[in-house]
Amino acid sequence: MLSFSLMKDIIMMLSSVLFGVLFSFLVFIFLIFVISRFFKREYPNFDPKASIVIPAYNEEKNIGKCISSIFSSSYPKNKLEIIVVDDGSTDSTLKAIKKYKNVRVLKQNHLGKVEALNLGILKSSHEFILTLDADTVLGKKCISELLKPFSDKSIGATTGNNNIRNNKSLISAFQNIEYHFSNLIRNSFSKVFNNGIWFSGSLACYRKAAIKKIEYFKKDTLAEDQDIALELKRAGYRTINASAAFGYTIVPSRIKDLYKQRSRWWIGTLQSIVKNKELFSRKASP
């Protein structure tokens, strides 16, 4: 058996290594942030017609505010198509949607978010598809900012910055800090490298031709947004974080719900990386 002093030395060594890795990572993030201050990437005004696809399952409490935020946005309403895909809701989601005019409703059995997204995209009329979670509301300029980068035909998808709507508990307060830190990192990397490092599908926009090329969203991971972002990169497209596109979402307020959400995110992200591992290999094509 290992002696107490040897175990102590091993723990101290591992702690030092861990601290060194963490410190190096934070220094790297800080350097990227500083460098990003010297980058200013601007895109010309670009306001094409776009379809907004909102998958919804038992969202009677949230769907109204989500749709209202679209109608309150600064984007020309005659260029927007709003599609809500009801994923077999058993509450009053459909009744809440009927209060709004010019909203298409598609119905399906409870098949899941991926199927709802794909149905909405298949039935959409326009070349650009904005996907939005039903508990997310948009900032006034969010749609415009998400669409601007598509003036560059090499861009396959954009994502915005999500902030927290229900910041009233200790758990949500910590998530608020986390979200701001995440937005800062994503914005900085996107500016410096002119490409995204991770993706938020709850507030994203896609080039429809690019989605068709990779054969739509897949169900073989728990993080369909991360997976499709990596697949778009493999197909030769870039993804961009639109730093001025803001959305506001509801986050878990209980430890149990937060654990379930983060477990799904972490497992799904690992699944997406493994699935698209050739993207990270030296032999991967540029």
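Predicted model: local features only at pLDDT ≥ 70, side-chain atom pairs only at ≥ 80, totals over all residues.
Let's begin with β1, residues 50-56. How many of its seven residues are buried? Seven of the seven, so the strand is largely enclosed by the rest of the structure. Look at the two faces. In a regular strand the side chains alternate between the two faces of the sheet. Here A50, I52, I54 and A56 point to one side, and S51, V53 and P55 to the other. Both sets are buried, so to the cut-off of under 20% relative accessible area, both faces of β1 are covered.

Now the neighbours of β1. Strand β2, residues 80-87, pairs with β1 in the parallel sense, over seven bridges. Within that pairing, I54 stands opposite V84 of β2. Strand β4, residues 128-132, also pairs with β1 in the parallel sense, this time over four bridges. There, I52 stands opposite L130. Take helix α2 as well, residues 63-71. Together β1, α2 and β2 form a β-α-β unit, and its hand is right.

Step back to the whole sheet. It is open, it has eight strands, and the pairing is mixed. Reading across, the order is β3-β2-β1-β4-β7-β6-β8-β5. Which strands stand at the edges? They are β3, residues 103-108, and β5, residues 137-138. Each has a single partner strand, so one side of each is left without a neighbour in the sheet.

Next, the antiparallel part. β4 and β7 run antiparallel, joined by five bridges. I129 of that pairing has Y206 in β7 as its bridge partner. Helix α6, residues 170-193, packs on the sheet and touches β6 and β8. The direction of α6 makes about 150 degrees with that of β6.

On to the cores. The largest nonpolar core has 31 residues. Which of them have the most contacts inside it? I54, I63, I70, L132 and I143. Several elements each supply at least two residues of this core, including β1, α2, β2, β4 and α5. The list also takes in α3, β7 and β8.

Setting aside residues up to four places away in sequence, I143 touches I52, I70, S73, Y75, L80, L130 and L138.

Now the loop between β1 and α2. E59 is found there. Is E59 buried or exposed? Buried, with a relative accessible area of 18%. Beyond its neighbours within four places in sequence, E59 is in contact with D91, T93, A134 and D135. For a sense of distance, E59 and G156 are 97 residues apart in sequence and 29 Å apart in space, C-alpha to C-alpha.

N58 is found in that loop between β1 and α2 too. At 29% relative accessibility, N58 counts as partly exposed. Its backbone deserves a look: N58 is not a glycine, but its phi is positive, about 55 degrees.

One more positive phi to finish. N102 has a phi near 60 degrees, and N102 is not a glycine either. N102 lies in the loop between α3 and β3. At 69% relative accessibility, N102 counts as exposed.

Key: Residues numbered from 1 in each chain as written. Heavy atoms only, no water. Buried < 20%, exposed > 50% of the residue type's maximum accessible area, 1.4 Å probe, protein only. Pairing = 2+ DSSP bridges. Right-handed = clockwise from strand over helix to strand, strands pointing away. Core = buried A, V, L, I, M, F, W, Y, C linked by side-chain atoms within 4.5 Å. Contact = heavy atoms within 4.5 Å. Axes fitted to C-alpha atoms, helices over the stretch in contact; angles between N-to-C directions.
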